Amino acid sequence: MKALNKLNEAEILSLCKEGDNEALTFIITRYRPAVEALASKYSDSPIERDDLIQEGMIGLLAAIKSFDCSKGTAFSTFCYTCINNSLQTALRKVSRRKDIPQGVLVSLEEVVVNNSNTALSAEDSFLAKESVSLLTKQLQNELSEFENTVLRLHMIGCSYTEIADKLEKKPKAIDNALQRIRKKLKVVSF
């Protein structure tokens with residue numbers, strides 16, 4: 001990381017686009033406080049703070065991937081715009097979701113993993129694939145096999161009791177696992 005401090009931001013972003021994970025971590029670390037600050041502006045929203053931060057991180061990743069320094073815009077300006085747009089999009093989707101019957105909704109995991117033919121915009125498709133891939137790797141590293149299974153079942157809408165029945169555990173064990181998952185995910189960055 002010390003060598004990255006000597007480079008300008010455009011050079012670091014170029015390294016990110018070439019797949020340099022250290023450069024990517026450097027940029028994410030630098031802009032995570034901005035993501036948290038922008039997410040905190042929406043503290044009264046129906047979306048939990050951690051989910052807002054994750055949406056902001058998706059916007060940050062999109063900014064890193066799509067930034068073009070030849071356009072004459074500073075990365076920080078472009079980044080803040082992408083983060084804010086990602087947060088606004090998430091808030092719009094939540095408010096739209098209220099009007100959709102629950103049986104019609106398809107989870108993001110089903111769309112991405114099963115390569116469903118559900119129409120997603122190019123931006124949503126890109127962001128979904130990138131974030132699911134990065135998040136999946138982080139989850140495999142941070143969570144136990146049991147916690148990963150509990151999380152996946154919870155994400156597809158299973159209740160604590162249903163998860164407990166499927167895994168032959170008590171509902172309290174599922175609740176404990178979800179509490180551990182929440183704690184671990186607070187420190188996950190991608």
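## Where α2 meets α4

In this predicted model, L13, C16 and K17 of α2 sit against I64, K65 and S66 of α4. Sort the residues of that contact by type and you get three nonpolar, one polar and two charged.

How do the two helices cross? The axes of α2 and α4 come within 8 Å, at an angle of roughly 95 degrees. Angles of 65 to 115 degrees count as roughly perpendicular, so that is the label for α2 against α4.

## The nonpolar cores

The largest nonpolar core has 30 residues, and the ones touching the most other members are I27, L60, I64 and F75. I64 also turns up in the α2 contact described above. Two or more core residues come from each of α2 (9–17), α3, α4 and α5 (75–97), with α3 giving the most, at nine.

Take L60 as a way in. Setting aside neighbours within four places in sequence, L60 is in contact with I28, Y31, V35, F75, C79 and I83.

There's also a second, separate core, this one of 12 residues, with L143, I163, A164 and A177 among them.

## S45, a serine in a loop

S45 lies in the loop that runs between α3 (21–40) and α4 (49–66). Is S45 buried or exposed? With a relative accessible area of 18%, S45 falls under the 20% cut-off, so it counts as buried.

What does the side chain of S45 reach? It gets to the backbone oxygen of Y42, at 2.9 Å. Beyond its neighbours within four places in sequence, S45 is in contact with L52 and L91.

Notes
Residues are numbered from 1 along each chain as its sequence is written. This is a predicted model: local features need pLDDT of at least 70, side-chain atom pairs count only at pLDDT 80 or more; totals for chains, interfaces and linings use all residues. Side-chain values use heavy atoms; hydrogens and water are left out. Helices (H or I, at least four residues) and strands (E, at least two) are DSSP runs, numbered from the N terminus. Buried means under 20% relative accessible area, exposed over 50%, partly exposed in between (1.4 Å probe, protein chains only). A polar contact is a pair of N or O atoms within 3.5 Å; within protein, one must be able to donate a hydrogen and the other to accept it, and residues adjacent in sequence count only if both atoms are side-chain atoms. Contact means heavy atoms within 4.5 Å. A nonpolar core is a set of buried Ala, Val, Leu, Ile, Met, Phe, Trp, Tyr and Cys residues joined through side-chain atoms within 4.5 Å. Axes are lines fitted to C-alpha atoms, for helices over the stretch in contact, and angles run from 0 to 180 degrees between N-to-C directions. Angles under 35 degrees count as roughly parallel, over 145 as roughly antiparallel, 65 to 115 as roughly perpendicular and the rest as oblique. Ala, Val, Leu, Ile, Met, Phe, Trp, Tyr, Cys and Pro count as nonpolar, Asp, Glu, Lys and Arg as charged, and the others, Gly among them, as polar.
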